[in-house]
Amino acid sequence: MGTNEGKQIAIIGAGAFGTALAAVIALEGRAAVTLVGRDPALMADLANDRMHNAALPGVYLPDNLAFSFEPEAIAGAGLVLFAMPSQAQADAAASYGPYLAADATVVTCAKGIDRQSTRLLTEVLEERLPHHPVAVLSGPGFAMDIARGLPTAMVLAAGSAERAEEAALSLSTRTFRLYASADRTGVQLGGALKNVLAIACGMVEGRGLGESARAALISRGLAEMSRLAVAMGGSAETLRGLSGLGDLVLTGTSHQSRNLRYGLALARGEGPGLDGSSLVEGAFAAAVAARLAEHYRIDMPITQAVAAIIDGSLNIDRAVEDLMTRPLTTE
């Protein structure tokens with residue numbers, strides 16, 4: 001298997017995360033990088049202004065980063081990153097699949113689970129793109145930190161260790177370090193479930209329950225994430241790394257996290273609505289994770305409480321009482 005070093009790289013999705021990835025990879029200068037979006041006017045503005053102030057205010061986009069709204073722009077890329085929300089990934093595969101190079105590897109950068117089928121995104125993409133290997137990028141990395149060149153470490157998981165190492169090396173830079181993994185299941189579940197727990201952390205903060213409660217939630221949340229990962233064929237060790245614990249600490253403590261802010265809003269009684277355009281991945285993942293816990297007979301009380309609060313069948317104060325009075329078990 002040849003290396004992707006020097007090949008073209010395409011990032012589909014001109015939101016904050018996709019633009020940040022394109023910027024940091026292009027700045028390294030080892031490969032030709034193209035950011036592809038659906039809005040012709042936006043892509044023209046990005047090419048002219050070298051700024052995406054709506055998504056990454058104040059960040060200059062490298063001169064060698066190319067922009068396009070044409071799907072044909074991905075045709076020469078050996079690595080194609082899908083940087084749109086999880087629920088849009090299947091449609092993106094249908095739209096861009098015909099333009100993929102025969103040897104292209106697809107990397108999903110969303111942190112979610114398909115809410116219709118409850119399947120992992122790599123499984124959804126492999127079904128839609130059967131002739132292309134599918135990898136996943138996940139871990140603790142806010143778009144603004146990545147775009148500003150602040151030190152960030154994440155995980156890239158593929159179907160084999162060799163393919164993961166190859167892709168991770170191709171995408172890593174001096175400030176953006178990717179660790180390779182062959183555990184796609186664990187990496188994806190860590191990325192999806194930490195969003196649910198970040199909502200819970202926001203509720204804890206919004207209710208003024210204290211930092212001790214947040215610490216307990218993070219540690220017990222990690223335990224239930226790990227149980228589901230193992231039941232679905234992943235490794236508990238993966239969840240103790242960047243794509244599980246690392247990502248959970250970041251999104252459960254920082255106000256840059258949309259999921260934490262969503263939990264804060266719920267705790268304050270604002271009750272933000274959910275619609276198809278929502279980018280609060282954890283709000284969708286909660287119900288999916290609760291169904292998976294039931295299917296695999298896994299005890300996930302925090303995740304199930306978050307799902308119940310979001311659907312309106314449980315209030316936050318009752319959820320806290322229920323969690324604190326559950327029968328004690330060994331840790």
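The largest cavity of this predicted model holds about 40 Å³ of space. The count of cavities of 30 Å³ or more comes to two. Lining the largest cavity are Ile9, Ile25, Glu28, Arg30, Ala31, Val33, Ser170, Leu171, Ser172 and Thr173. Helix H1 (16–28) and helix H6 (161–171) are the elements that give two or more residues to this lining. By class, the lining of the largest cavity has five nonpolar, three polar and two charged residues.

Two packed helices are described by the angle between their axes and the distance between the axes.

| Helix pair | Distance between axes | Crossing angle |
|---|---|---|
| H7 (residues 184–206) and H12 (residues 281–296) | within 8 Å | roughly 105° |
| H7 and H10 (residues 242–253) | within 8 Å | roughly 25° |
| H7 and H11 (residues 258–267) | within 6 Å | roughly 45° |

*H7 with H12.* The axes of H7 and H12 cross at roughly 105°, and the two helices are therefore roughly perpendicular to each other. On the H7 side, the contact is made by Ala192, Leu193, Asn195, Val196 and Ile199, and on the H12 side by Glu281, Gly282, Ala283, Ala285, Ala286 and Ala289. Eight nonpolar, two polar and one charged residues make up the contact of H7 with H12.

*H7 with H10.* The axes of H7 and H10 cross at roughly 25°, which makes H7 roughly parallel to H10, since angles under 35 degrees count as roughly parallel. The crossing of H7 past H10 is right-handed. H7 contributes Gly186, Val187, Gly190, Gly191, Lys194, Leu197, Ala198 and Cys201 to the contact, while H10 contributes Ser243, Gly244, Asp247, Leu248, Thr251 and Gly252. By class, the contact of H7 with H10 has five nonpolar, seven polar and two charged residues.

*H7 with H11.* The axes of H7 and H11 come within 6 Å and cross at roughly 45°, so H7 is oblique to H11. H7 passes H11 in a right-handed crossing. Asn195, Ala198, Ile199, Cys201, Gly202, Met203, Glu205 and Gly206 of H7 meet Asn259, Leu260, Tyr262, Gly263, Leu264, Leu266 and Ala267 of H11. The residues of the contact of H7 with H11 comprise nine nonpolar, five polar and one charged.

Note on methods
Residues numbered from 1 in each chain as written. Predicted model: local features only at pLDDT ≥ 70, side-chain atom pairs only at ≥ 80, totals over all residues. Heavy atoms only, no water. 1 Å grid on protein atoms, 1.4 Å probe; cavity = no way out; pocket = protein on both sides within 12 Å on 5 of 7 lines; lining within 4 Å. Points joined across faces, edges and corners; volume = space filled by probe spheres on them. Helix = DSSP H or I, 4+ residues; strand = E, 2+ residues; numbered from the N terminus. Nonpolar A, V, L, I, M, F, W, Y, C, P; charged D, E, K, R; others polar. Axes fitted to C-alpha atoms, helices over the stretch in contact; angles between N-to-C directions. Parallel < 35°, antiparallel > 145°, perpendicular 65-115°, else oblique. Contact = heavy atoms within 4.5 Å. Left-handed = near helix turned anticlockwise from the far one by under 90°.
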